[in-house]
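I opened my notebook to go through one protein model, entry by entry. Here is what I looked up.

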Amino acid sequence: MKRQSNDYKITALYCRLSQDDGREGESNSITNQKTILEKYAKDHHLIPYKFYVDDGVSGTTFERNGFKEMLAEIKNGNVSAIVVKDLSRFGRNHIMVGYYTEMYLPSVNVRFIAINDNVDTDDSESNEFAPFTNIFNEWYAKNASKKIQAVFKAKGESGQRLGSVIPYGYKANPDNPKEIIIDEEAAKVVKYIFELCMCGKGPGKIAKQLTAEGISTPMVYFREHGMPCRVSGDMSNVWCNQSISRILENMTYIGHTVNFRTATKNYKTHKKVQQPKENWLIFKNTHPPIIEISVWEKVQELRKNKRRYTKSGKKSIFAGLLECADCGAKLYYCTSKSHKEDHDYFLCSNYKGNTGSCTVHYIRESVLYDIVLTQIQTMLAYLQSFESDFVKSLVDKSAKDKKTEIASRRKKLEANKKRISELDGIFKRIYEDNISGKLSDERFAKLSADYEQEQKQLISDTEVLEMELNQKTAQVDNVEYFLSIVRQYTEIKELSARVVNDLIDKIKVHAVDTSSGQRVQQIDIYYTAVGIIDISQHTQELAI
């Protein structure tokens, strides 16, 4: 029931403090505001009274818990007056402050008092400059926001981590709180999530599995370990798809710091919006990684080619990996509940009867499975049987040749840079000789043109050399990385999503060739990091 008599209404003593206001010192502290407001209420017989407090909330927004609680009491007819230290405590949005103090509160017969600004809606001599004070208060908030944004931008551009909450899987370094180190307990869950994705599970399946296994969500984990958390209050221990997706796509886990992924629309709304990737700033190797970059990149590729369940409830371990050898389009996985398992097939997405832009490229999943399993088994068997010969003669020799070529190119690159530096010195000397009269203008023009042309060519050659050097260095690393994966498997009797995702980047399916009178179909397997591996010349040795 609403209390209608003023004898039973309360005076609302409202206090607010934001982080920016706190920089002004003790004068704006909640304790100081309460002291001032309580004294005023007692001195002016505004009793009984009740405090409503918003600590750490900006005055540019009116989405404040204390303010909304006070507003609810006003709507219920339980408040006779509001007292604040000054207008800026009530808010820093001049339109909203004006609406409440000049329109809403008078309409519900609630008196408004701002002590330091000499505002009292029951006093005709009250401050007539209140609207201008409100505008100034808003300008102050806007100006403070600009300064904070400038500091924030400078901090982000220097590579410092901008997030206030430490990412799940990490914790603050006890020796240097500004740094983050791996939290081994949470990091195990992060690795587990990436492992499940490599095994062919999507975010939804991963979320259900983690929930079923009783693994704490990041928010629950933070609360259990007394770590800062974005969410307060009761939290259910149920993983959601979005949390899994954010973890799988977060470059923090490969040791990189990514700043400016989000931005605030304006200083009033404080609403964050996602920024396009071209606006991100990425700083590599700023902290210890939890996930190997090769695994992270593979997961991103899997996420790009999401393997969804069909209407029949089936999902192929090859879905998303197959490409048409002629048009480059993906091959659709075609199945139905009426299909027998060996009747499910893949079909070029650009083939639509006789109306499509490509010819039929078709292969049954069971046939593809047998081909891929056989080729992988043959490749592994050869590596295991002839590892010393294969690795040294093919891979290591290739790597050695590349390393020799890399060394040669690096030497040429250093010579180019040295010559470019020498030319800078020559330019300076001939310029000084020309100024002093030792070198004629005609001779200076001829020499400077020749040297300038030589320097331009050297700079162009240097850029090409650096690009080729980076590419060849990556090729050597790729070969070594592929071997490290292959050596994890001693024997493969059947294919799984994890095996396929570990070893294969893509599979190209050619059209069926019946020119010989038999049905012949070529399948090209592109292995992780190294592409096609041709060991046909060694298969006879292997059979013997």
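Which residues of helix H8 (residues 203–212) are buried? I found Pro-203, Ile-206, Ala-207 and Leu-210. I took buried as under 20% relative accessible area, exposed as over 50% and partly exposed as in between, with a 1.4 Å probe and protein chains only. Helices (H or I, at least four residues) and strands (E, at least two) are DSSP runs, numbered from the N terminus.

A note on the source: this is a predicted model, where local features need pLDDT of at least 70, side-chain atom pairs count only at pLDDT 80 or more, and totals for chains, interfaces and linings use all residues. Residues are numbered from 1 along each chain as its sequence is written, and side-chain values use heavy atoms, with hydrogens and water left out.

**Entry: helix H8**

I went back to the buried residues Pro-203, Ile-206, Ala-207 and Leu-210. Seen down the axis of H8, the buried residues fall within an arc of 100 degrees, so they line one face of the helix. The arc is taken from the directions from the helix axis to the C-beta atoms.

Next I looked at the other side of H8. Lys-208 and Ala-212 are exposed there.

What covers the buried residues of H8? I noted that the cover includes helix H7 (184–198), helix H10 (241–249) and helix H11 (293–304). Contact here means heavy atoms within 4.5 Å.

Then I read on past the helix. Just after H8, Gly-214 takes a positive phi of about 75 degrees.

**Entry: backbone**

I kept a general rule in mind. Most residues other than glycine have a negative phi, and most peptide bonds are trans.

I checked the loop between helix H2 (30–43) and strand E2 (49–55), where Pro-48 is found. The peptide bond from Ile-47 to Pro-48 is cis, with omega near 0 degrees. His-45 is found in the loop between H2 and E2 too. His-45 is not a glycine, yet has a positive phi of about 55 degrees. His-45 is exposed, because its relative accessible area is 68%.

I moved to the loop between strand E11 (281–283) and H11, and found Asn-285. Phi of Asn-285 is positive, near 55 degrees, and this residue is not glycine. Is Asn-285 buried or exposed? Asn-285 is exposed, with a relative accessible area of 64%.

**Entry: cysteines**

How many disulfides did I count? The count is zero, taking a disulfide as a pair of cysteine sulfur atoms within 2.5 Å. I also looked up Cys-15, which counts as buried at 0% relative accessibility. Cys-334 counts as buried at 17%.
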